[in-house]
Amino acid sequence: ESKIYTEQYCPQYHFSPPEKWMNDPNGLVYNNGLYHLFYQYYPEDIVWGPMHWGHAVSHDMVYWKHKPIALYPDEHGLIFSGSAVVDKNNTSGFGVDGKEPLVAVFTYHLMEGEKAGRNDFQTQGIAYSLDNGDTWTKYDGNPVIDNKGIRDFRDPKVFWHDKTQSWILVLVAGDHAKFYTSKDLKKWRYLSEFGKYRGAHGGVWECPDLFPLKVEGTDKEKWVLIISINPGAPNGGSETQYFIGDFDGITFTSTQKKQKWLDYGTDNYAGVTYNNTPDGKRIFIGWMSNWDYARNTPTKKWRSAMTIPRELLLKKIEDDYVLASMPLAEINTLATAVLEKFKVASGNSDTLNVKDLNQSKITFTTASRDFKLIFSNDLKETLVLAMNFKNNGFIVDRMKSGDTGFQSEFGNKKHFVPIKEFTNEFFDVNILLDWSSIEIFLDNGIYSITEQIFPTEPFNQLIIENSDYQAEIENGEIQFMKSVW
Ligand code: FRU
């Protein structure tokens, strides 16, 4: 397996397909010792094409094992995004001999219907597995949710709702989300909708997710509705927004006024969370790309990777709720050798020459409101991260970071993250670099910024400038991240 993970730009500790095109994560579910990761997959090419569900499994979300394709297109259409649940009480009746069925709920996309100019070409279907995801049988009563003429009608997320003892399904219909309920995963009843005129609407709504989360440090629970939108992201193209509110089993309500973004970078899209995690944690995985240029990134045998799995945390800051994300703790087990340690006094800078910088984790603690990190290689390709309070924000400048010319949208501007003040006076900065991506976590995960980069030679130098005259950069450490392939 390791041979195929040696291509230029290939991530070494992020999930990517062994070959060919991948987009959204699908069917994230834990069952019987295994975390499943299904994904939008086109096995014939490195550009988007007729969609299948690719499949991988893991015991820890750190090391993955590739499995055969789980779902193939059929007479109802291509297999678009969706989710999966463990049907513990065999409500569907798919289970035999006491085996708990794993049930996938996905969108069928009928190409012919779309080509014919019809509006009802997307419907929802289900399939089940009795061997923990190895083999799948499509339900012969598909589609389970028919389409009455809605053009965009897709990406069902299903979960078990304890209070009403029923399954809830949320899908998106262009500019809003629709909620449905079922007792058996087969017959669905429409409940309500949310979202017209709420939040960002620069593009079509995609890949919803809905789940409860405890407000950190309290017993209070709020509901989080995640919605990806394409285009219309603050830094261009596709990104993921969220709403904090309440869900009573019928309607989702929210008093939120502001638009909220789950990630401020350009490359975290279509992300959703795991069902049925054993420890109750809310684990999120996103597709590390952007529809603006996803089809043209400079790789040859495979295309695109997933974000590192992240734990989502709900924080109450003053009178507002914020969805924070941090890399899954288990990922830290990959950080082995210390490549460099650093400390930068106020008004100072430090130049570090680091081998293996391209596959590393960088952490430091700071109260600095004015610092810059400049990554570079011998070709003088540079990636600049700049925290600057005078400009009210954080900047990622990948304009000269290597191969940026494959499509104009990739390197045409600096990306801006509005930050007025950090919540924590001191906080840990956490950065994960993996050959063609960087993930930055600021202010204990309140800001996460995910970006693809394609330095044509590995970065081997890091300059850290601390221009804040009152605060130091401390406990700096660069660690090598082991390859998982
Ligand atoms: C999001 C998306 C989904 C759709 C899938 C098709 O990236 O457009 O809405 O189901 O990709 O591959």
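The radius of gyration is taken here over C-alpha atoms, and the globule rule is 2.2 Å times the number of residues to the power 0.38. For 485 residues a compact globule would have a radius of gyration near 23 Å, and the protein has 22 Å, which agrees. This is a predicted model: local features need pLDDT of at least 70, side-chain atom pairs count only at pLDDT 80 or more, and totals for chains, interfaces and linings use all residues. Residues are numbered from 1 along each chain as its sequence is written.

**Overall build**

- The protein has 1 helix and 33 strands; helices (H or I, at least four residues) and strands (E, at least two) are DSSP runs, numbered from the N terminus.
- Along the principal axes, the C-alpha atoms fill a box of roughly 65 × 50 × 45 Å.
- Of contacts between residues at least 6 apart in sequence, 60% join residues at least 24 apart; two residues are in contact if their C-beta atoms, placed from the backbone, lie within 7 Å.

**Burial and core**

- Buried residues make up 47% of the 485; a residue is buried if 20 or more other C-beta atoms, placed from the backbone, lie within 10 Å of its own.
- The largest nonpolar core has 119 residues, and Leu-37, Val-103, Leu-169 and Leu-225 have the most contacts inside it.
- Domain 1 (2-327) and domain 2 (333-481) each give at least three residues to this core.
- A nonpolar core is a set of buried Ala, Val, Leu, Ile, Met, Phe, Trp, Tyr and Cys residues joined through C-beta atoms within 7 Å.
- Leaving out residues up to four places away in sequence, Leu-37 touches Phe-15, Pro-25, Leu-28, Ala-56, Ser-58, Trp-64 and Ile-285.

**Two domains**

- The domain assignment gives domain 1 (2-327) and domain 2 (333-481); such bounds come from an automatic or database assignment.
- The contact takes 34 residues from domain 1 and 32 residues from domain 2.
- On the side of domain 1 that touches domain 2, strand S20 (310-317) and strand S21 (320-327) each supply at least two residues.
- The largest share of that side, 5 residues, comes from S21.

**Ligand shell**

- Residues around the ligand include Asn-23, Asp-24, Phe-80, Arg-154, Asp-155, Glu-206 and Cys-207; a residue is near the ligand if its C-beta atom, placed from the backbone, lies within 6 Å of it.
- Strands S1 (20-31), S5 (78-86), S9 (154-161) and S13 (204-214) each supply at least two residues of this shell.

Definitions and conventions. A residue is buried if 20 or more other C-beta atoms lie within 10 Å of its own, exposed if 12 or fewer, and partly exposed in between; C-beta atoms are placed from the backbone.
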